[in-house]
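Open your viewer and get ready to select residues by number. We will go from stop to stop, and each stop says what to pick and what is there.

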Amino acid sequence: MRVHPLIAAAAMLLAACQSGDAPAPQASKALMVAPVLDSADAVDVHSYAKPLEARVTHVALDLAVDFSTKRLSGTATLDIQARPGASEIVLDDKGLEIAAITTSDGKPLAYRVGANDAILGAPLTIQLGAARKILVRYKSAPDSGALQWLNPEQTAGKKHPYLLSQGQAIENRSWIPTQDSPGVRQTWEAKIRVPAALTAVMSAPKAGEAVSQGDSRTFSFKMDKPVAPYLIAIAVGDLAFRELGPRTGVWTEPAMLDKAAAELADTEKMVAAAEALFGPYQWGRYDMLVLPPSFPFGGMENPTLTFLTPTFIAGDKSLTSLIAHELAHSWSGNLATNATWADFWLNEGMTTYATTRIVEAVYGPRVAAQQVALGIDAMNAAVTENGGSEGADTRLHIDLKGRSPDDGLTDIAYEKGAAFLRTIEVAVGRERFDAWLKGWFLRHKFQPVTTSIFLADLRQHLVRGDQALEAKLQLDRWVNQPGVPANVAQADPGAFAEVDTAVNAFKAGTQPEAAAWSRWTTDEKLRFLTRIDQRQPTGRLAALDRAFNLSRTGNNEVRFAFLTLAVAARFDPAVPALEQFLLMQGRRKFVRPLVTSLAEDKEWGRPIAARVYARARPLYHPVTTRDLDKLGLIPPALPSPLTAK
Ligand code: BES
Ligand code: ZN
């Protein structure tokens with residue numbers, strides 16, 4: 001019988017630990033270490049690590065946060081497991097300033113930083129000798145790609161500075177010297193020293209109370225479950241906390257607390273719904289951090305502490321499927337984690353499917369059916385944008401060699417992935433599918449997963465040799481071929497019956513009634529704005545804006561959909577609102593398409609883009625500016641005195 005690669009890797013690690021080469025920890029401890037997959041499709045082209053030779057099992061950070069130099073500085077102590085005879089370990093390093101690497105008792109170890117790659121950073125190779133615990137003394141660079149340092153004016157309270165991190169996909173190597181690969185799970189702990197007025201939060205349970213000393217305070221955290229390193233996250237600022245339920249709560253700046261807590265009032269219900277669907281919540285607490293508006297994503301599923309954009313706050317809880325999404329990652333993504341970024345759909349597609357299931361349980365089948373229908377439209381748009389039904393990047397399992405993992409961040413992963421799972425659900429029936437899904441999370445909890453593991457698991461536990469079902473599902477076609485297979489489960493054609501009638505009426509010249517518009521849910525408004533012709537005469541946009549105040553609505557998804565139409569139509573009256581929108585928030589999903597379309601419209605849009613981007617750039621996180629800088633809107637920055645060597 002062929003030994004399952006997981007077992008093979010675990011056995012190898014165990015053998016390594018018990019061999020004479022390494023100091024022998026107890027076998028029970030070795031077994032707790034999550035295995036590294038050894039199959040060819042689990043090789044991570046976005047990491048320099050060679051985890052089958054030597055791998056990091058635990059990271060202990062001891063860092064001071066210095067707002068004046070924009071640096072984290074201190075030490076990372078790494079526990080290592082190595083193959084017998086392994087003499088070196090390779091870590092990922094992006095711009096770290098390393099002062100020394102030593103054994104835990106202070107003996108210097110030789111190390112070398114290899115050639116830098118613009119996407120990946122550089123390999124950091126350390127000569128281990130017999131050492132299995134090493135200490136890296138280092139500083140992050142002021143231009144670290146994961147970290148954003150905000151001035152007081154960029155916060156809600158305007159009094160204190162703020163630090164936030166975004167690790168996914170491969171940014172954490174710019175502040176943590178470790179093996180930054182989702183297939184190499186690590187437990188971790190941290191001590192973080194901050195100015196006394198500020199609070200540090202991280203994606204792990206607190207380990208004791210903060211300790212004050214002079215004008216600083218030290219916060220401690222400990223994550224005893226093995227996680228992918230992209231899930232280590234930090235924020236530091238003037239933060240307050242409010243309980244929402246027995247195991248849910250929200251952190252944010254004091255000025256934001258009431259609004260944030262009101263918007264998040266359904267969270268505890270969502271956790272209960274998710275547990276009923278996917279099995280026990282494994283992370284203890286589910287808290288959320290509502291960040292300043294420069295946070296580059298809608299949400300980020302950092303374990304125990306989801307990070308959220310404040311732009312989801314619409315005042316009526318209408319954008320809270322975002323919370324269902326980040327919460328669902330507590331299973332799909334954080335328990336069973338894509339082994340490499342080529343399998344990103346296993347994180348996001350499964351999460352998008354799971355989101356709808358939570359939304360259905362909490363808000364009912366109609367809302368869920370509408371979100372599915374919006375998802376199918378988004379999937380079809382993504383196929384078009386990625387080369388059509390033959391486009392290589394419309395495959396779920398994609399080839400990212402030599403490219404940034406960001407290239408896989410499309411609605412193929414999210415919506416084609418979700419449509420695939422929905423197709424299986426419809427084919428086998430909900431009861432069987434749900435039993436399989438719960439089993440999937442149980443069988444793969446705290447482990448990396450690949451598309452081939454997914455297919456094997458599905459065949460073993462769901463298809464079970466049923467040839468007719470196998471033929472019906474077209475599993476291989478779904479994951480390895482471009483386009484959308486013909487067996488895709490369709491959206492409910494009646495999900496948006498009323499709005500679709502209004503879309504047709506609009507095409508024939510009639511604007512929706514004010515009463516209808518104000519009755520429509522956010523999803524219905526989005527259906528309308530994305531289904532009407534995307535190139536409208538300016539007169540029609542003016543009439544819509546006059547009637548429904550779309551360019552300045554407090555619902556940012558609706559506002560974005562309208563501003564997209566405004567840019568396409570060169571609708572001058574919306575330009576002030578557009579500028580304001582681009583200056584008040586830095587969510588990449590909103591900012592990137594708007595600035596890009598402006599920049600591509602040489603005569604009308606580009607001057608607007610250049611003017612706004614020059615002002616907005618300092619507000620945006622590095623993961624947002626990295627893309628927008630490529631548009632060449634502002635002259636390349638002179639080296640800043642902070643980064644100049
Ligand atoms: N994990 C993602 C965000 C992410 C993906 C960051 C890849 C960096 C690289 C998060 O869960 C997400 O999908 N956020 C979406 C939310 C939406 C789909 C509800 C976002 O930020 O828009
Ligand atoms: Zn997600």
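How many aromatic pairs does the structure hold? It holds 29. Keep in mind throughout that this is a predicted model.

**Stop 1: two aromatic pairs**

Select Tyr230 and Trp341. They form an edge-to-face aromatic pair, 5.0 Å centre to centre, with 65° between the planes. Now look at where each one sits. Tyr230 lies in the loop between β13 (216-227) and β14 (234-237), and Trp341 lies in the loop between β20 and α6, so the pair ties together parts that are 111 residues apart in sequence. Are these two buried or exposed? Tyr230 counts as buried, at 1% relative accessibility. Trp341 is buried too, at 3%. Buried means under 20% relative accessible area, so both values qualify.

Next, select Phe278 and Phe441. Their ring centres are 5.9 Å apart and their planes stand at 75°, so this pair is edge-to-face. Phe278 belongs to helix α4 (residues 267-278) and Phe441 to helix α9 (residues 430-443), so the pair ties together parts 163 residues apart in sequence. Both Phe278 and Phe441 are buried.

**Stop 2: a cluster of rings**

Which residues do ring pairs link into a cluster? Select Trp345, Tyr353, Phe420, Phe433, Trp436, Trp440, Phe454 and Trp478. Show their side chains and trace the ring pairs that link them.

**Stop 3: a charge over a ring**

Select Phe506 and Arg540. Arg540 lies over the face of Phe506, at 3.6 Å from the ring centre.

**Stop 4: the zinc ion**

Select ligand 2, the zinc ion. Which residues coordinate it? They are His325 (NE2), His329 (NE2) and Glu348 (OE), at 2.0 to 2.1 Å. Along the sequence, these donor residues of the zinc ion follow the spacing H-x3-H-x18-E. His329 lies in the loop between α5 (321-328) and β20 (336-338), while Glu348 is in helix α6 (residues 344-363), so the pair ties together parts that are 19 residues apart in sequence. His329 is buried, at 0% relative accessibility. Glu348 is also buried, with a relative accessible area of 2%.

**Stop 5: a strand and its partner**

Finish with strand β3 (residues 88-93). Five of its six residues are buried, so β3 is largely enclosed by the rest of the structure. Zoom in on Asp92: its bridge partner in β6 is Pro123.

How values were computed: Residues are numbered from 1 along each chain as its sequence is written. Chains are lettered from A and ligands numbered from 1 in the order in which they are written. This is a predicted model: local features need pLDDT of at least 70, side-chain atom pairs count only at pLDDT 80 or more; totals for chains, interfaces and linings use all residues. Side-chain values use heavy atoms; hydrogens and water are left out. Donors are N, O and S atoms within 2.8 Å of the metal (3.2 Å for Na, K and Ca); water is not among the atoms, so sites may look incomplete. Helices (H or I, at least four residues) and strands (E, at least two) are DSSP runs, numbered from the N terminus. Buried means under 20% relative accessible area, exposed over 50%, partly exposed in between (1.4 Å probe, protein chains only). Two strands pair if DSSP finds at least two bridges between them. Rings of Phe, Tyr and Trp (its six-membered ring) pair if their centres lie within 6.5 Å; planes under 30 degrees apart count as stacked, over 60 as edge-to-face and the rest as tilted. A charge sits over a ring if NZ of Lys or CZ of Arg is within 6 Å of the ring centre and within 35 degrees of the ring normal.
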